[in-house]
Amino acid sequence: MKLYSRSQLFKITSFSVLLAVVLSASIFFSLGRKTNKSNSSPEAENIALENPSVANQEETFEAVQSENSLSDFTMPVSNTVFTQDENQNISVYDLCNEAVVNINTKVVAYDWFLEPYVQDGGSGSGSIIDKRGYILTNVHVIQDATKIYVSLFDGTQYEAEVVGQDLDSDLAVIKFTPPEGMELKTISFGDSKSLKVGQKVIAIGNPFGLERTMTTGIVSGLGRPIQNSNNRIIRNMVQTDAAINPGNSGGPLLDSNGRMIGINTMIKSSSGSSAGVGFAVPSETAIRVVADLLKYGKVQRGQIDATIVQLSRRIAQYAGLDISEGVLISEVEKNGNAEKAGIKGGTEAAYYGSRRDIIYVGGDVITKIDDIKITSIADYYSALESKKPGDVITVVVHRNRKDITVKLTLSE
């Protein structure tokens, strides 16, 4: 056996390790070059395309192009299949969106020196209901306006004028003159009387100035009596969870066939934005109101020939009444329908409000009209909102701590 010294063993071991490292590095770089230069494997081609750090990228890409057609790298053709519900939404929007207009107004304001100046007023939506340029919207959208402008789907803007407005229903009709040859799209009325809770509805409007925005939802309630910003109670409102925001007012609430079954009017919200509870004036009311506005410029409603006062606890206490809700009859018109029906006015004069107004206490208190409970003047006008001159109504009055029912024919 051959013996080695310690120093000899150290030198031999170091040389062996160094030789092994050199051989390993040589093999590694040799394999790397072969991988980069090889064009025979499709997998290698894909790696070269996907990894931008691979050497000779241009050469590799050209090689791949030679084996693959350009069509292999184009975007796939869309073949989206819409659901039945989506197709229905798209169809309604295509049918109606061009008949929805954006409404903006100018109003007069006063500075510190009481000098008048013009500033931007309200904004909202409207529906073209006649090809001659008649538009249905809300009263509060155009209220106090000195100028009204409507913007169509193509961005053109026209000045409009008020044809008629009705505070009791918060509905108004305005009109602009379309250019000769322009064919306007219109929205037809649907039947709000046949609506069912759970039925799908679609709202189109201009929330926050975003023109012809569409939202969907369902009828979430029917027959809602809601008091609007003009302190009028509108009965039979359609409640919906379709998102309605500021700017939607006056726009159409549509059924699945694109027919207008309501006019979006207000939201119920503590923040002022959509809270999932919106309300629309039913088309049944709109049809009746629009007919009168186009014909007379106002709505022809029947009335009771009497002067009325809102009953309060203070008035009830002063007059010695046992009720504090209802409408007090201050005076009845001589030979009017109230007097003929046997309704009694007051007999004792009293100061009211600012002490410059005089009312008469001691008369009847109206508590019900046609099964509608009357607790305020808003209820009173709401009960008469759908009544025409000549209609016969049933009135319940409270007199001497008793309820008396009378029949009354409304006058013009």
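This is a predicted model: local features need pLDDT of at least 70, side-chain atom pairs count only at pLDDT 80 or more; totals for chains, interfaces and linings use all residues.

Q: Which residues of helix 6 are buried?
A: Those are S283, T285, A286, R288, V289, V290, D292 and L293.

Q: What span should helix 6 have, going by its number of residues?
A: Helix 6 runs over residues 283–296, which is 14 residues, and at 1.5 Å a residue these should span 20 Å. The C-alpha atoms at its ends are 19 Å apart, which agrees.

Q: And what comes just after helix 6?
A: That is G297, which takes a positive phi of about 85 degrees.

Q: OK, zooming out for a second. How many helices and strands does the protein chain have?
A: It has nine helices and 20 strands. The protein chain has 412 residues, and buried residues make up 39% of them.

Q: What about contacts between residues at least 6 apart in sequence?
A: In the protein chain, 59% of those contacts join residues at least 24 apart.

Q: Back to helices. Which residues are buried in helix 4?
A: N89, V92 and C96 are buried there. They cover an arc of only 65 degrees around the axis, so they sit on the same side of helix 4.

Q: What covers the buried residues of helix 4?
A: The cover includes strand 1 (100–110), strand 7, strand 8 (213–227) and strand 10.

Q: New topic: aromatics. How many aromatic pairs are there?
A: The count is two aromatic pairs. In one of them, Y158 and F176 have ring centres 5.3 Å apart and planes at 25 degrees. The pair is stacked because that angle falls under 30 degrees.

Q: Where do Y158 and F176 lie?
A: Y158 is in strand 5 (residues 157–166), while F176 is in the loop between strand 6 (171–175) and strand 7 (200–205). The pair therefore ties together parts that are 18 residues apart in sequence. Both Y158 and F176 are buried.

Q: And how are Y380 and Y381 arranged?
A: Y380 and Y381 form an edge-to-face pair, with 5.3 Å from centre to centre and 75 degrees between the planes. Y380 is buried, at a relative accessible area of 4%, whereas Y381 counts as partly exposed at 38%.

Q: What lies over the face of Y134?
A: That is K175, at 5.5 Å from the ring centre.

Q: Let's do loops. What is the phi of D144?
A: Phi of D144 is near 65 degrees, a positive value in a residue other than glycine. For background, most residues other than glycine have a negative phi.

Q: Where is D144, and is it buried or exposed?
A: D144 is in the loop between helix 5 (139–142) and strand 4 (145–151). With a relative accessible area of 66%, D144 is exposed.

Q: What about R401?
A: R401 also has a positive phi near 65 degrees. Its loop runs between strand 19 (392–399) and strand 20 (402–409), and R401 counts as exposed at 58% relative accessibility.

Q: Is S249 buried or exposed?
A: S249 is buried, with a relative accessible area of 13%, and lies in the loop between strand 9 (233–240) and strand 10 (252–254).

Q: What is S249 in contact with?
A: Leaving aside neighbours within four places in sequence, S249 is in contact with G124, S125, T137, N138, H140, V141, N264 and T265. A polar atom of the S249 side chain lies 3.3 Å from the backbone oxygen of T265.

Q: Last one: where does P389 lie?
A: P389 lies in the loop between helix 9 (377–384) and strand 19, and is partly exposed with a relative accessible area of 34%. P389 and T409 are 20 residues apart along the chain, and their C-alpha atoms are separated by 7.8 Å. Apart from neighbours within four places in sequence, P389 is in contact with Q300, R301, G302, L410, S411 and E412.

Conventions:
Residues are numbered from 1 along each chain as its sequence is written. Side-chain values use heavy atoms; hydrogens and water are left out. Rings of Phe, Tyr and Trp (its six-membered ring) pair if their centres lie within 6.5 Å; planes under 30 degrees apart count as stacked, over 60 as edge-to-face and the rest as tilted. Helices (H or I, at least four residues) and strands (E, at least two) are DSSP runs, numbered from the N terminus. Buried means under 20% relative accessible area, exposed over 50%, partly exposed in between (1.4 Å probe, protein chains only). A charge sits over a ring if NZ of Lys or CZ of Arg is within 6 Å of the ring centre and within 35 degrees of the ring normal. A polar contact is a pair of N or O atoms within 3.5 Å; within protein, one must be able to donate a hydrogen and the other to accept it, and residues adjacent in sequence count only if both atoms are side-chain atoms. Contact means heavy atoms within 4.5 Å. The arc is that of the directions from the helix axis to the C-beta atoms. The expected span of a helix is 1.5 Å times one less than its number of residues.
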